[in-house]
Amino acid sequence: MGNKYFSNIPFKYASFSCFALKFAFILFFGSGQQFIFAQNVVNNGSFIVIDTGAYVVIANDYFNYSGNGDGKIDIDGTILMNGDWINNALSPVFINIETIPNGTVVMRGAQQEFIDGSFKTHFENLTLVDARKTLMATNSEVNGVLTLDAILDLNRRKLILDNASPYAI
């Protein structure tokens, strides 16, 4: 299936608040353009903003916790990840979801990945590629488009597609 979600990425501006990145580095391209790489992202109550056209690449897992409040993401760009999505905060992670959602999480790992945690996640758009993806957290939602290019194991749980469009999946 290749690496279609990584090669030839147009780099654009990204703005981020303070959150924990394990083994992270930032590359700067031209006038204020950023591309963030991280092994794991641990959000312990911080607010993350991913602007339109910006990419955050997570080599492994995203962990969302309640520290000084719940970790939140305002996504208009893209998160590319190769690991598990774990939401253990008391909120659905993504905020400011537009009428036509434009932020996307792409789970593209070559090994099995999980959508997990003690609380559901409301994704704007979710793209699943390559290896099997398993839903471990019930009542997670996709408010825009669910793109499947992988096996999605619902594992007796519900994934809510909150979009009446026939093109939502």
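Predicted model: local features only at pLDDT ≥ 70, side-chain atom pairs only at ≥ 80, totals over all residues.
One of the paired positions is V41, whose bridge partner in strand 7 is Y62. Strand 7 also runs parallel to strand 11 (residues 85-87), here with three bridges. In this pairing, F63 stands opposite I86 of strand 11. The pairing with strand 8 (residues 69-70) is antiparallel and has two bridges. G67 has G69 in strand 8 as its bridge partner, and a hairpin of one residue connects strand 7 to strand 8.

Next come the aromatic rings. The structure contains five aromatic pairs. One of them is formed by F63 and Y65, with 6.3 Å from centre to centre and 5 degrees between the planes, and it is stacked.

W85 and F123 give another kind of pair. Their ring centres are 5.4 Å apart and their planes meet at 55 degrees, so this pair is tilted. The pair links distant parts of the chain: W85 belongs to strand 11 and F123 to strand 14 (residues 122-123), 38 residues apart. W85 has a relative accessibility of 0% and therefore counts as buried. F123 is also buried, with a relative accessible area of 0%. Together with Y62 and F94, W85 and F123 form one aromatic cluster.

In soluble globular proteins, nonpolar side chains tend to be buried together. The largest nonpolar core of this model has 24 residues, and those that touch the most other members are I73, I79, W85, V105 and L126. Which elements give two or more residues to this core? They are strand 5 (47-50), strand 6, strand 9 (72-75), strand 10 (78-81), strand 12 (104-107) and strand 15 (125-129). I79 shows how such a residue is surrounded: leaving aside residues up to four places away in sequence, it touches I50, V56, I58, I73, W85, T104, V105 and V106.

There is also a second, separate core of five residues, including Y55, V57, L80 and V129. Y55 lies in strand 6 (residues 55-58). Its relative accessibility is 18%, so Y55 counts as buried. The C-alpha atom of Y55 is 6.1 Å from that of G77, although the two residues are 22 residues apart along the chain.

The last stop is the loop between strand 19 (152-153) and strand 20 (159-161), where N155 is placed. R156 is found in this loop between strand 19 and strand 20 as well. Most residues other than glycine have a negative phi. N155, however, has a positive phi near 55 degrees, and the phi of R156 is positive too, near 60 degrees. Are these residues buried, partly exposed or exposed? N155 has a relative accessibility of 28% and so counts as partly exposed. R156 reaches 88%, so it counts as exposed.

Methods
Residues numbered from 1 in each chain as written. Heavy atoms only, no water. Pairing = 2+ DSSP bridges. Helix = DSSP H or I, 4+ residues; strand = E, 2+ residues; numbered from the N terminus. Phe/Tyr/Trp six-rings, centres within 6.5 Å; stacked < 30°, edge-to-face > 60°. Buried < 20%, exposed > 50% of the residue type's maximum accessible area, 1.4 Å probe, protein only. Core = buried A, V, L, I, M, F, W, Y, C linked by side-chain atoms within 4.5 Å. Contact = heavy atoms within 4.5 Å.
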